[in-house]
Amino acid sequence: MKISRSTAMRIVTDLSDIVGQQINMMDENGLIIASTDPDRLGMVHGGSLKVLEGKLTSLIIHSDDEYPGSRPGLNLPIEIDGKYIGVIGITGKYEAIEKHGRIIKKMTEILLLDDYLKEQQRMAKSIRDRYIHEWVFSPDAGRASSFAGRGLALDIDIHLPRRVLAMTVAKGLEDTVEAQILFDRIEKHLFGFFAPYVGSLVFSSGKNFICLLPERSDSELSYLVGQACAGVREKFDLGLAAGVDSSPASAGLVHDSYLRAQKALHASLSREDHPPVFYQDINIELFIHELSDGIKREYVEKIFRNVPSGEREKYVEILKALFSCDGSLQQTAEKLYIHKNTLQYKLNKLHQLTGLNPRSMEGSALYYFAIAFLDSMAQQ
């Protein structure tokens, strides 16, 4: 086990604040890697070399000239699993510091071991996440004969049929350190929520959370996803959009299920209040993300021709409300908090500007596609 310089510095600073003494930490080569005296960093501590080479349980130094690079104080070995991995030194007269010595040694060893175990956990999670990432995003990974064996070594049985769920924060988080910390907390929350379901796997990719859940019916999944979203909303005051694949996937078909879940997720993002959406319930979202932004933009400009750019957003809001109310003018007016006559005037005005009647079957269909294209571009 090798002592991290950053960890050593954190420990030395914290312990010095507690005992009110100058503290140094030396590595397995006797080099001072952390100290409350910045001028001593990088120096070879002769006293610690004596401790390490002689396997001493302690070394008291009485004067500056006893050992090169050393000052009066108490030096004690740092032991992990019976091995000396460094030395912790407290500067000062022995009578004043001896009462702190054993406590400092034990606290140092506990803190270093805790940091080491956390690092091992981070590494294990990283390895698992890379494996699951490969499985989900590579079309052929789950079909390779050796892939299942690698999974078993990580306690992952890829032969267990799973449903794929894709989730993301409905309103995108900023690219800041604070937002990333919040994103990580949401991932941990989702991991904890789905953990009781044996075989569930949760990881993040970009701005999405990907969940592979043991086989469940649509009704069960709908309930689970609703509970997961409610938990995030209650704890973090954020809404989640969610897309679910169409059926349980075998090992070799997880990638295909992921693609279906992603399309369902895009549908969830485009709908009001971002409800969980199942792949079998989507329509235009099947192909909308296959089109380039250039084509979408050209189509939108064609549909909203002659509409002043400053007014387009207002008309889009009206059309969205109209569609959500199945074309009912009364319900749409109430939803928008405007008079029915005012709504009719605005729809007629849009008809005059574009030549497309939003209340006709053809016109509503064309507007629907334009709004879907706008929403899909806004999600990117």
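Predicted model: local features only at pLDDT ≥ 70, side-chain atom pairs only at ≥ 80, totals over all residues.
Which side chain does Arg 312 meet in a salt bridge? Arg 312 pairs with Glu 301, at 3.1 Å from N to O, where a salt bridge is a side-chain nitrogen of Lys or Arg within 4 Å of a carboxyl oxygen of Asp or Glu. This pair links distant parts of the chain, with Arg 312 in helix H9 (residues 309-324) and Glu 301 in helix H8 (residues 293-303), 11 residues apart; helices (H or I, at least four residues) and strands (E, at least two) are DSSP runs, numbered from the N terminus.

Residues are numbered from 1 along each chain as its sequence is written, and side-chain values use heavy atoms, with hydrogens and water left out.

Arg 312 counts as buried at 15% relative accessibility, whereas Glu 301, at 42%, is partly exposed; buried means under 20% relative accessible area, exposed over 50%, and partly exposed in between, with a 1.4 Å probe and protein chains only.

The structure holds 17 salt bridges, and one of them joins Lys 105 to Glu 79 at 3.1 Å, N to O. That pair also links distant parts of the chain, Lys 105 lying in helix H3 (residues 94-137) and Glu 79 in strand S4 (residues 73-80), 26 residues apart. Lys 105 is buried at 11%, and Glu 79 is partly exposed at 32%.
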